[in-house]
Amino acid sequence: MTRRQLAWHAAWFGGVVVLTVTGGEVISHLSGSSNAAPAGSADLRFVQVSDSHIGFQGPANMDVAGTFAAALSQVNSLGFRPDFVMHSGDMTHLSTPAQFDQVKQMLSQLRTDRIFTVPGEHDSIGDNGRAYRQAFGKNTLGDGWYSFDTHGVHFIALVNTLHLEQLGHLGKDQIDFVRKDIAGLSSDTPIVIFSHIPLFAMYPKWGWGTNDAVQVLSMLRRFSSVTCLNGHVHQLFTKTEGNITFHSAAPTCYPFPKPGHGPAPTPQVLPAGRLKDALGIRTVNYRQGSHALAVKDEKLA
């Protein structure tokens, strides 16, 4: 599948799919196929987990702490030590100090050198994100945004879950931060953006988009490779627009319906024994000198 075909193939991936880039072309593989990227070939390997919703109680998942613990155990069993793990938001369900403490203790069990986070809207209920920043916002700017570099890749972690109306929102200060942050970067620098709510208009009727993201995305058009990783929508989704590829992650708590399938994005109760099929983790590999990153989604074991 070529990059152009992928642009037309914005699809929900129900299983494990690997995207690699060879000679500037995005190529998809089924996980485990002979064409997949070798497990030990990348210089940088990190993991994304998302939407643990610790504190949720309901029939869609009667043990969100248990499925989150299973996801973290799966990370620790990957066969390599990730350079870092990113939680892309909605760590908690109601932003209570006890829920943040529980998440922090569980994340501390990960075998990795660093843990990064971005907040979801459930991590800022009632206090505009203050409890989140107290727990996870050390060394961040503004409402909790930041950037860092490793292995030749520039990472930007954005906060688009505060000041919400219907859609996610970045705000002038954060957009100015991105403008200054990338000003001195070479156009060959791979860029990875983390946010909770998608930066593209996935389904605005349900709030699945960011109303001022176009101002940031327009600044990223000069880079050869931009990868945006988000949570929030509780399902796998991939979309390519020019040089920018968007990947929504599976949750570790419960699935939402596909856009428009029902009146609202509410927790879905699956048949007995099927919940783990909708949950998962994501590994991302990058070899220095390559054009882009390889993204692999795995169901919860």
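Rings of Phe, Tyr and Trp (its six-membered ring) pair if their centres lie within 6.5 Å, and planes under 30 degrees apart count as stacked, over 60 as edge-to-face and the rest as tilted. By this criterion, the whole structure contains 22 aromatic pairs. The model is predicted: local features need pLDDT of at least 70, side-chain atom pairs count only at pLDDT 80 or more, and totals for chains, interfaces and linings use all residues. Residues are numbered from 1 along each chain as its sequence is written, and side-chain values use heavy atoms, with hydrogens and water left out.

**Aromatic pair**

- Phe 116 and Phe 148 form a stacked pair, 4.2 Å centre to centre with 10 degrees between the planes.
- Phe 116 belongs to strand E5 (residues 115-117) and Phe 148 to strand E6 (residues 146-150), so the pair ties together parts that are 32 residues apart in sequence.
- Helices (H or I, at least four residues) and strands (E, at least two) are DSSP runs, numbered from the N terminus.

**Sheet**

- Six strands build an open sheet in the order E6-E7-E8-E9-E11-E10, with mixed pairing; two strands pair if DSSP finds at least two bridges between them.
- E6 and E10 are the edge strands, each with a single partner strand, so one side of each is left without a neighbour in the sheet.
- On average, neighbouring strands of this sheet are turned by 15 degrees against each other, direction ignored.
- Strand E8 (residues 191-195) and strand E9 (residues 226-230) run parallel and are joined by five bridges; Ile 191 stands opposite Val 226 in E9.
- Strand E10 (residues 237-241) pairs with strand E11 (residues 244-248) in the antiparallel sense over five bridges, and Thr 238 has His 247 of E11 as its bridge partner.
- The hairpin of E10 and E11 has two residues between the strands, and Gly 242 takes a positive phi near 60 degrees there.

**Helix packing**

- The axes of helix H2 (residues 64-76) and helix H3 (residues 97-107) come within 10 Å and cross at roughly 25 degrees; axes are lines fitted to C-alpha atoms, for helices over the stretch in contact, and angles run from 0 to 180 degrees between N-to-C directions.
- Their contact (heavy atoms within 4.5 Å) is made by Ala 65, Phe 68, Ala 69 and Leu 72 of H2 and Gln 102, Met 106 and Leu 107 of H3.
- Helix H5 (residues 172-182) lies across E6 and strand E7 (153-157), running at about 170 degrees to E7.
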